[in-house]
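I opened a new page for this chain and kept a list of things to look up. The entries follow in the order I made them.

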Amino acid sequence: MRSSSGTALQIEGTGTELEEIEIRLLLEGIRLCYGYDFREYALSPLRRGLVSAMSREGVRTVSAYQDRILHDAACMQRFLNMVGVNVTGMFRDPELIRAIREDVLPLLRTYPSSRIWIAGCATGEEVYSVAIVLEEEGLLDRTSLYATDINEDMLAVARLGTYPLERMRRYEESYELAGGRRSLAGHYTVTGRSARLNRRLQSSITWAHHNLVSDGSFNDFHMILCANVLIYFRASLQERAHRLFYDSLVRGGFMALGKRESLLYCPDRDHYEQVRDGVSLYRKMRW
Ligand SMILES: C[S@@+](CC[C@H](N)C(=O)[O-])C[C@H]1O[C@@H](n2cnc3c(N)ncnc32)[C@H](O)[C@@H]1O
């Protein structure tokens, strides 16, 4: 047990059996009350998010936190913001974006139209990165981008497409590493301290709420990008998400994951081939 600004947070460090029970009850309550199912999320990141959320609310025990969250939808939203881990950025994995530009888009260019799903898109930076690459390759007009997340707050920020200018300037180097053809600054306009991504990039994007735990598959995607989401899931939930992705991909479609993610828990992993060494980009080759 450790104390933080006078508040003893009982779940910091390794949990006791009682805390495990409290966490389980909390997750069951959230599921019954709000329909969000976190029971198959990996415990350590979930516990870290919970510690931050409890500290923010100023509650000492998971049970007290449960009481608050079940009676206050705004508290639930704050929990989602903490536990969903919304860290993101533009061209966050430049090698992956470069591989998409060089290995995926030449093939998509041969199709009259194509569909891309970006799952767990957080505040949208990754989606705009892909849209920029599509625009530079002359494919934006004939590509439909579907960007989804469970967190409506994140989607609201994503829809705006406006980010702090200082942060945008820091993405310039990753943009170049990802094979950028111009300057990232050419893709946004500056107002005061904000950078607003060009409206043209928005035109092909549909933002939607979708939960990888409980919602069904979409159809016929030529590429699915789901980065830095599955690391927060236990094996069983990763399996479910992979099944969803596999069913949503066309034959020959591409599956892109985060740097630290792989097809380890994908039941259909033998049906994919890795496109480029060292990059989590795979192609569905057998079905
Ligand atoms: C760490 S962010 C990753 C953002 C982005 N993909 C990237 O790599 O920069 C994880 C995102 O996954 C979302 N997420 C968590 N659980 C989810 C679920 N069950 N279904 C859909 N999205 C989920 C969170 O809301 C959060 O926005």
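Entry 1, the ligand. I began with the residues around the ligand and sorted them by class: ten are nonpolar, eight are polar and three are charged. The model is a predicted one, and I kept that in mind for every entry. Which residues come nearest to the ligand? Out of the 21 residues around it, I noted Gly84, Thr88, Gly120, Ala122 and Ala227 as the nearest.

Entry 2, the domains. I looked up how the chain is divided and found domain 1 at 2–83 and domain 2 at 94–160 + 202–284. Their centres, taken over C-alpha atoms, are 30 Å apart. I then checked where the two domains meet: nine residues of domain 1 are in contact with ten residues of domain 2. On the domain 1 side, helix α4 (residues 73–83) gives the most, with three residues. By class, that side of domain 1 has five nonpolar, two polar and two charged residues.

Two packed helices are described by the angle between their axes and the distance between the axes. I looked up both values for helix α5 (residues 94–108) and helix α6 (residues 125–136): the axes come within 11 Å and cross at roughly 30°. The crossing of α5 with α6 is right-handed. Which residues meet there? From α5 I wrote down Ile97, Ile100 and Arg101, and from α6 Ser129, Val130 and Val133. Sorted by class, the residues of this contact are four nonpolar, one polar and one charged.

Most residues other than glycine have a negative phi. Phe91 has a positive phi, near 50°, and is not a glycine. I found Phe91 in the loop between α4 and α5. Is Phe91 buried or exposed? Phe91 has 27 C-beta neighbours inside 10 Å, so it counts as buried; the cut-off for buried is 20 or more.

Asp220 is also an exception, with a positive phi of about 55° although it is not a glycine. Its place is in the loop between β8 (205–209) and β9 (221–226). Asp220 counts as exposed because it has 12 C-beta neighbours inside 10 Å, and the cut-off for exposed is 12 or fewer.

I located Gly179 in the loop between α9 (172–177) and β6 (188–191). What does Gly179 touch, apart from its neighbours within four places in sequence? I listed contacts with Arg98, Arg101 and Glu102. Gly179 has 18 other C-beta atoms within 10 Å, so I put it down as partly exposed. I also looked up one separation: Gly179 and Thr162 are 17 residues apart along the chain, and their C-alpha atoms are separated by 23 Å.

I found Leu160 in helix α7 (residues 152–160). Leu160 counts as partly exposed because it has 14 C-beta neighbours inside 10 Å. How far apart are Leu160 and Gly124 in sequence and in space? In sequence they are 36 residues apart, and C-alpha to C-alpha they are 9.2 Å apart.

Terms used. Residues numbered from 1 in each chain as written. Predicted model: local features only at pLDDT ≥ 70, side-chain atom pairs only at ≥ 80, totals over all residues. Helix = DSSP H or I, 4+ residues; strand = E, 2+ residues; numbered from the N terminus. Contact = placed C-beta atoms within 7 Å. Domains from an automatic or database assignment. Nonpolar A, V, L, I, M, F, W, Y, C, P; charged D, E, K, R; others polar. Near = placed C-beta within 6 Å. Axes fitted to C-alpha atoms, helices over the stretch in contact; angles between N-to-C directions. Left-handed = near helix turned anticlockwise from the far one by under 90°.
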